[in-house]
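Colleague: I have a model open on my screen and I'd like to learn how to read it. Could you walk me through a few features?

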Amino acid sequence: MRKLIPKFLLIAAIAAIFIAYQSLGLSEFLNLEYLKNRQNDFQSYYQSHIFQTLLAYFAIYIFVTALSLPGATIMTLAGGALFGFVTGLIVVSFASSIGATLAFLASRFLFRNAIQERFGDKLRAINDGVRRDGAFYLFTLRLVPLFPFFVINLVMGLTPIPVATYYWVSQIGMLAGTAVFVNAGTQLAKIDSLSDISSPSLLLSFTLLGLFPLLAKKLLELVKSRKSLSKWPKPEKFDYNVVVIGAGAGGLVSSYIAAAVKAKVALVEEKAMGGDCLNTGCVPSKALIRSAKILSYAQRAKEFGFKSGTIEFDFSEVMERVQRVIATVAPHDSVERYTSLGVECINGRALIKSPYEVEVQGRLLTTKNIIIATGGGPIVPKIDGLDQIKYLTSDTVWKLRTLPKNLLVIGAGPIGCELAQCFSRFGSQVTMVDKAPTIMGKEDPEAVTIIAERFKAEGIRVITEASAKKFVIAGSQKQLICETPKGELTIEFDEVLLALGRKVHAKGFGLEELGVRLTDRGTIEHDEFLRTSIPNIYCVGDVAGPLQFTHFAAHQAWYAAVNALFSPFRSFKADYRVIPRITFTDPEVAAVGLSESEAKGKNVPYEVAIYKLDDLDRAITDEETHGFVKVLTVPGKDRILGATVVGSHAGDYFVEIVAAMRHGLGLNKILSTVHAYPSLGEANKYVAGVWRKAHAPEKLLLWVERFHRWRRS
């Protein structure tokens, strides 16, 4: 409350000045007629008291502009009439800039924190743009008198533009307009109304002047683009509007969008349509997880009221089911489907010969644009002795038909955790090793604790803070020697699964020869429009980063396709504000936005609302009470900063929270939404209720209680 006192005092002072300004009739002194009638008196006084007049005028001008009082135009004319063009221009220029900066600071002091807290998610793109190009856009606004200067002062105060930048850009940007009005003031006797100065032709001239920097920027981008492409001959005619390389999620969506807007598009894939997600990633892993979960239900038979439960299975048949699922989903990503949508699908290895040419199996395709969606593959680390071991990765594990007796999983991220739990449920003795202090290091610590406890209960051996040193073969036994804080540790195994993440495929198909720049992480360097260092080559998915999710690649693909097809007429900056993620362990871990540990690390103020699933009726009936819904909000407000949901089917029902974040809906909106009973989705409503209860208006409720007591009397 004490922090608000200075703001209240400032608002009260400004309000008092406005009231006095109106009630005392001070506006009568800031009009053209009064100025013309008293011009001779003012000039006589100025000749006798030069310094005092300049100082008084300077102070009054600052006062008027700082408080956004009407009359700045008349003050500017008065400056020209009193002091002449040169002196008037200097005095008015500095006074107006200082006054504008004071108004800017007042707006920032009074309103910025409140506005940013309330609408920060919606203003993030604007804030980023101001940080990057704020001086440029402010300069443009200052050149256009159609935008009231006092509005610019107040609005820019809400943004992160530095004060010093605001001052000097205002000083320079307002100079042209100030000069026009000061010069008009030197001819005051000839002016009958302000419209004599602000004529339509003058306003149009200033508007064109203000638009010039924007047009110049676009022109420079066009020149820069053409220059970067000038070393390669441009075909007279193109075969395609866009050639997409890679038929994973990013490539499929890119080509689908291009075809939907009637562009001619070619989709080039060297291996199988659908990419890693269909063939070796999302689809097979979820199929295997489902089979393992059915088996786990039998193992938990007593929880559901059965004396026992057994399922006979052949592991090879389970793995064949996985292949059957892949084959069932495959038509969604097939050549036949995409051909019917208008995409020309070409099988073969693509080689980019120039920004306009892609060679496939000896055939040269000419194209206006290229989209790179070549994905990635499993990381294979350099560990002594690994070359002597027949190891598995997320690409090759699907070839297994014999269940490993002892499975070693190196890596405790999402892939490692999902597959470790699967194989453990099928009967493998699973040991998981990771050099990090915990499994699933990116997730909320409370979520990690639940998964770690479940792993322990299911017999999975988890060894953290252990670095793989070397593999050895002792007789017929395979061993891994690890370095741990307690010394060396030897782990025996039959099969080893490398689950250390994925590396991108950004080399070997011509980008290096063209000079397309890569980042230190090996991804393709690109701007916010997903353009690479060669402006008609775009990238999406794993090769673009920063995230490696199928849905993220598809999200990027929309921006890349639209920007490639409609630039320079219309371009869209990729929006990564609300990107969910799910680890499909049992229970699932779903997250979006900030986690509590991230908020602490970034010093972001937050509040936490937690609802535990052991209180949820549907979770109780399903015997799935392990988990919680945790939501981070802005202090004192229901705006969601992030959420973590742990539980059975968490990834299905937490989408309501994702939608709320994406569209700026707070917890009160979720609370007021009717949720069917009994459903897991009610957990979202109840966590909103937890937040609401923590923010109940206690003082108001005391009066309501008295009201009801009175009505009973």
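Predicted model: local features only at pLDDT ≥ 70, side-chain atom pairs only at ≥ 80, totals over all residues.

Colleague: How much space lies in the largest cavity?

Modeller: About 40 Å³. The second largest cavity has about 30 Å³.

Colleague: Which residues line the largest cavity?

Modeller: A cavity is read through its lining, so look for residues with an atom within 4 Å of a cavity point. Here those are Ile 289, Ala 292, Gln 421, Cys 422, Arg 425, Phe 584, Thr 585 and Asp 586. H16 gives the most, with three.

Colleague: How many nonpolar, polar and charged residues are in that lining?

Modeller: Four are nonpolar, two polar and two charged.

Colleague: And what lines the second largest cavity?

Modeller: Find Pro 378, Ser 394 and Ile 415, then the run Leu 498, Ala 499, Leu 500, Gly 501 and Arg 502; together they form the lining. By class, that lining has five nonpolar residues, two polar and one charged.

Colleague: On to strands. How do strands S12 and S13 pair?

Modeller: First the general idea: in a regular strand, side chains alternate between the two faces of the sheet. In this model, S12 (residues 467–474) and S13 (residues 477–484) run antiparallel to each other, paired over seven bridges.

Colleague: Are Cys 417 and Cys 539 buried or exposed?

Modeller: The cut-off for buried is under 20% relative accessible area. Cys 417 has 0%, so Cys 417 is buried. Cys 539 also comes out at 0%, so Cys 539 is buried too.

Colleague: Let's zoom out. What share of the protein's residues count as buried?

Modeller: Of its 713 residues, 46% do. The protein has 26 helices and 22 strands. For contacts between residues at least 6 apart in sequence, 67% join residues at least 24 apart.

Notes
Residues numbered from 1 in each chain as written. Heavy atoms only, no water. 1 Å grid on protein atoms, 1.4 Å probe; cavity = no way out; pocket = protein on both sides within 12 Å on 5 of 7 lines; lining within 4 Å. Points joined across faces, edges and corners; volume = space filled by probe spheres on them. Helix = DSSP H or I, 4+ residues; strand = E, 2+ residues; numbered from the N terminus. Nonpolar A, V, L, I, M, F, W, Y, C, P; charged D, E, K, R; others polar. Pairing = 2+ DSSP bridges. Buried < 20%, exposed > 50% of the residue type's maximum accessible area, 1.4 Å probe, protein only. Contact = heavy atoms within 4.5 Å.
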